[in-house]
Structures are given as C-alpha cells and as structure tokens.
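Welcome to my notebook. I opened a new model today and wrote down what I looked up, step by step.

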Amino acid sequence: MLRISNIKLPLDHTDSDLRMAIVSKLAIKNSELLEYRIYKRSYDARQKKNIFFIYTLDVDTSKNSQLLEQFADDAQIKVRPDDSYRFVTQAPEVLIERPIVIGMGPCGLFAGLILAQMGFKPIILERGKEVRERTVDTFGLWRKRKLNTESNVQFGEGGAGTFSDGKLYTQIKDPQHHGRKVLEEFVAAGAPEEILYLSKPHIGTFKLVTMVEKMRHTIESLGGEILFEQRVDDVLIENQRVQGVILASGETLLSQHIVFAIGHSARDTFKMLFAKGVYVEAKPFSIGFRIEHPQSLIDQCRFGDYAGNELLGAADYKLVHHCKNGRSVYSFCMCPGGTVVAATSAEGHLVTNGMSQYSRNERNANSAIVVGIDPENDYPGYPLAGLDLQDRLEKQAFVLGGESYDAPAQLVGDFLGNKPSHELGSVEPSYKPGVKLGDLSNSLPDYAIAAIREAIPAFDKKIRGFAMHDAVLTALETRTSSPIRLKRDRESLQSINTRGLYPAGEGAGYAGGILSAAVDGIKIAEALALDMVSNQVSK
Ligand code: FAD
C-alpha cells in the first residue's frame, strides 16, 4: 500500500472528489485505484475565507511498485509504514508470580490490558470504585457538595480522564506507533471509528464510561483481576528490590514487579513512596484559572463564516504568551462546548478542570489559563515542596469560595481592572455546585497574577473578544501535571533506586494526558514483561 499526504479539498467535497484527487495526484486511471482509506484528516483554518481539509490516505493501486519508482522524489508519496502492534513477548505457561498494577487510569488500564493480552494475568489495584458507582459519587460533589475522597473526578476506574473532554492527541514521539494501538483498543471498546483518522479526536465523557467498563471485562476475560476500593498504603522493599504492597485493609500482596500508575493527585501515596526511600524529584508544573467564553465567540473568531459548520464542530484554540516578568502563560486542556468541573479529591480543597460531551454543544468554551512554575524558583527545598504549594493554594481557594465547594470567580474585565466582581454579565459560568464572585488577585502568587493580567489582553489580539469584560475566570487550576517525578531508568523503566518498581504515567512525571499516559502504560507493560520472562528463565 502507498501513503499519500497533503491532499487538500474543500469542506463540502464528496467521496468522489476525494477519489478523483487521488487519481489525479498519482496520474493513474480511475480503474487502477483499487482501494483507499483515510489515515488522517485535519483542517487548515488559517484563512477564515478558505478553510479546507488536508488528507493523508492509505491507497492501493494495481501498480504500486511502479508508482513508488515514478514518485521516488515526491515526499508526499511513500510506502505505507507498518504500524500494526506486535507483542514483545508472551508469558510462560507457568507463572511464578503475577505483576501488580496500581491505579486504573489510562496508564494502568493499558499496562494491565497489554500484560493480560500477553498472558501475565495482572492484578490491578484501584483505590476508587468501579466507574458507574464512581459516577454517582462524582455527581455527589457537583450536585450536593458531598465529596467522597476515594471516589471522585481523580480517583476510580478510568482514572482522571474519565470525566473529561476525552481529547485523544499528544505531541509525544511515538516511533513504535503505540498511540495507534491505544486508539484501536478504544474503538474495539466502543469509541467512534473517526478517532483513528481525525487529527484532533475526542470522545467526551459518557462514551468513556462505557468504554472503560468494556476494557475491564476484556482484562478479566484474559485472566486479569481488578480489585476496586483497594488503596495501596505501603510498599515492601528489601535490598532495593520491591517485594509487595500492603493495602489499606491490612492485606499484603507479594510481587517483585509492581507498576505505580497512580496519577498526579495521590499525594498520600507520593509521600509514602518518598518516606520509603524511592527516588523522587521535584518537577515543573503550572497554576492558574479556568476561563469561560461563549463558544460562539471562539467559533466566529476561528472559523468566520464557517462558524457552526458540522464538519468542523466547535472551535478550539491554543495560546501562549511570554511575559515581561519571564513567565510563560498558556492555554491548557481547552474544552470546546464544555463545562468547568469541580475536580478536588481532598476535603477542604478547591480545584477546577474541564470536560465535555462528545457533541461539545454546551454554550461555553473553557480552558485553563496557566503560568509555568518550577522548583528552583517557586518551591525550592525538598522534592515534595510542589505538593505543599498545591495544597496551600487549593485550601486558600476553598476558603475564598465560601468553604462550600463553590469556586471563587471573577469577571475578566474586573480582574484586569483590579476590582472585585459583584454581578455576573452575559457569560453564565458552568461550574457546579456554583461560583462565588469576588477578587482573585490573592488566590495565586503575585508573579502569576501579573503574568495572567498581561497575557489575557495579548490573547485578545489573537482571538478578538478573549478579554471581553464578562468572560469568567474560575479558580483554581493547580493539577495541570504532577509536581514530582518518580525517576526511572531509561532502559529498564524501573525506579532508579528500587528494582521491580515501575513508575508510570502522569503521576510519575512521564505523561500528560490520556493518550500519552496510555502509551506509557504500554511501554511499561512491555519492559515489565520482558524482565519477568528473563528473570523466570534465569531462575
Ligand atoms: P490517572 O488517570 O490519574 O489514574 C491514576 C489512578 O490511580 C486513579 O484512578 C487513582 O484512583 C489510582 N490510585 C492512586 N493512588 C492509588 C493507591 N495508593 N492505590 C490504588 N490506586 C491508586 N487528558 C487528555 O488527554 N484529554 C482530556 O480531554 C483531558 N481532560 C481532563 C479532564 C479532567 C476533569 C481531568 C481531571 C483530567 C483530564 N485530562 C485529560 C488529563 C488526563 O485525565 C490524565 O492525564 C490521565 O488520566 C493520566 O493518566 P494516569 O493513568 O497516569 O493517571
């Protein structure tokens, strides 16, 4: 098969236009084109009057070899690379031990799935509940201000990304096409097939819930075991080799191969690992607010007359501004047509995030507007200082919001004018249970407030209306990524000072987002499986 890139067509083209574009690009007869499949479709909206699709296509013709020779110098016509997934090994018939995976977010889910598919019958331990029960608990905070600290937006089957926009793209390098395996497994579990070819696929929250459930059944059918409401409270380490874990129930599970895919919010588990001597270092992360605008404003600004076009869907944006004080402010986890959600897992803390449904048809667009911070300048001292900073800011935001899980909020115009807000304008905030209007200028360190005040008007130059008076800022965003890294060895992917302990995913500082966490889970499963097989052979 051939892979042809950079085929451009208008939004309203037909299938036959696409076919003819291939025929014309390859200078072949229509009858010589046997088959084609869309590999990727993106759009170019740089010129609002002329928005078009760009295709990469996998194409079969009756004269592939001849065409490859003929177009040898054309970078847009190549052999289709083989991106099919191959297992690196298979489990021996008799397993001396079973691997343990802690956490069932995208990373733990994929580590568990791949291990199960290779025959290793993993045991997955998840502190939260199975996804349906977890959904009820999560809505308990949003609707009744009742937080379950073990079952919420961060903790439970599916991990942090379950109640999300379900954006499935990443900028990580992926030479082994693991991302493709993730997307194919998601499709097998019920995701729409378009995620395989759209350049910025998303699935929305409801679909994710059903998919996660299906993937659990697959793991179980392959001999894996998934234990919910089983928090790991301790780890057994002897001679710098992991030996097992102790659960909150007091039960001990032994294994010399344990994946820690615990996400960025398991502060208790981070502290436990640090106390046990597992190597931890501080890493940069970001803090800021969520901002909400009418989605129609973003659509109009990005798509002009094409705003509302069904094929384009709700428009997104990505913004960066480098400030005079040396800070960078950027938009993060933008959720077109979505809602701002309460995302704390700790009592008396206030954290926001964003989510949407597949349709992305809520009236507001939201995204995090965050400032990058780093350990050297902003939380020096010891490896867990970033956790302390998050903790302090989140508690302060809870107090500012009235200690009821309402989020402190301010209109953009008032924030820029440095005066408290008393009344909402045309933008109705979506955060539930509710917002408390006031003054956000003390909710973040001064350098962060100054940076965001400078960045919003700069963003307005790129998206006209971004600094609109009535847009709403909701505090706080503190969990953009993990404040620590559980450093691992590049080759074996094990902790640099604790053999058999595999730090994985976002919490360990090796992923950011659903797709990259899932890809990391696959890489970890492969490294662990190879190590188990070689250990078993040498025993
Ligand atoms: P997590 O998903 O955090 O999973 C870790 C799991 O470990 C949790 O289920 C937790 O309960 C469990 N755990 C922790 N400690 C223990 C313990 N001691 N014992 C047992 N279990 C434990 N990313 C995107 O790419 N696209 C999006 O649209 C998107 N939207 C988001 C929206 C929201 C509201 C949130 C909160 C996040 C969003 N993200 C999004 C980020 C994404 O969810 C994370 O990057 C991803 O989930 C990280 O995966 P992970 O498996 O590494 O960790």
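Into which domains is the chain divided? I found domain 1 (2–79), domain 2 (100–281 + 483–538) and domain 3 (284–477), with bounds that come from an automatic or database domain assignment.

A note to myself before going on: this is a predicted model, where local features need pLDDT of at least 70, side-chain atom pairs count only at pLDDT 80 or more, and totals for chains, interfaces and linings use all residues. Residues are numbered from 1 along each chain as its sequence is written, and side-chain values use heavy atoms, leaving out hydrogens and water.

**Entry: domain 1 and domain 2**

I looked up the centres of domain 1 and domain 2, taken over C-alpha atoms, and they are 38 Å apart. Five residues from domain 1 and five residues from domain 2 make the contact (heavy atoms within 4.5 Å).

Next I checked the buried area, meaning the accessible area (1.4 Å probe) that two parts lose on being put together, summed over both. Between these two domains it is about 520 Å², and carbon and sulfur atoms give 52% of that. On the side of domain 1, Tyr39, Lys40 and Arg41 lose the most area to domain 2, together 75% of what that side buries.

How many residue pairs are in polar contact across this interface? I noted three, both residues at pLDDT 80 or more; such a contact is a pair of N or O atoms within 3.5 Å, and within protein one must be able to donate a hydrogen and the other to accept it, while residues adjacent in sequence count only if both atoms are side-chain atoms.

**Entry: the ligand**

I counted 38 residues around the ligand, each with a heavy atom within 4 Å of it. Glu126, Ala160, Gly161, Glu506 and Ile514 come nearest.

Then I looked at single atoms. A polar side-chain atom of Glu126 sits 2.5 Å from a ligand oxygen atom, and a backbone N or O atom of Gly156 is 3.0 Å from an oxygen atom of the ligand. For Val232, a polar backbone atom lies 3.0 Å from a nitrogen atom of the ligand.
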